[in-house]
Amino acid sequence: MNKLTLAKIAAALTLVAGLAACAPEVGSEAWCKKMEDKPKGDWTSNEAADYAKHCVFK
């Protein structure tokens, strides 16, 4: 691999890590609030199940 390819890979990993850090942890108070503000029709089945597990049936 050349240096340019390694630099692109490093930049992509940094971007992904940065984006992941912005989302609140599933089940946290901030995540529950974010889900309450999100239209129910836009929830995935996993989000609905996580909401029920972490925010309703604590």
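Let me begin with a term: a residue is buried under 20% relative accessible area, exposed over 50%, and partly exposed in between, using a 1.4 Å probe and protein chains only. The model is predicted, so local features need pLDDT of at least 70 and side-chain atom pairs count only at pLDDT 80 or more, while totals for chains, interfaces and linings use all residues. Residues are numbered from 1 along each chain as its sequence is written, and side-chain values use heavy atoms, with hydrogens and water left out.

Salt bridges next. A salt bridge here is a side-chain nitrogen of Lys or Arg within 4 Å of a carboxyl oxygen of Asp or Glu. The whole structure has two. One joins Lys 33 to Asp 37, at 3.2 Å from N to O. Both residues sit in helix α2, residues 29-37, four residues apart, about one turn of the helix; helices are DSSP runs of H or I, at least four residues, numbered from the N terminus. Lys 33 is partly exposed, at 45% relative accessibility, and Asp 37 is exposed, at 53%.

The other joins Lys 38 to Glu 47, at 3.1 Å from N to O. Lys 38 has 26% relative accessibility and therefore counts as partly exposed.

Now the helix pair. Helix α3 covers residues 45-56, and α2 packs against α3 at about 130 degrees, with the axes 11 Å apart. Axes are lines fitted to C-alpha atoms over the stretch in contact, and angles run from 0 to 180 degrees between N-to-C directions. Contact means heavy atoms within 4.5 Å. On the α2 side are Trp 31, Cys 32, Met 35 and Glu 36; α3 contributes Glu 47, Asp 50, Tyr 51, His 54 and Cys 55.

Methods: Helix = DSSP H or I, 4+ residues; strand = E, 2+ residues; numbered from the N terminus.
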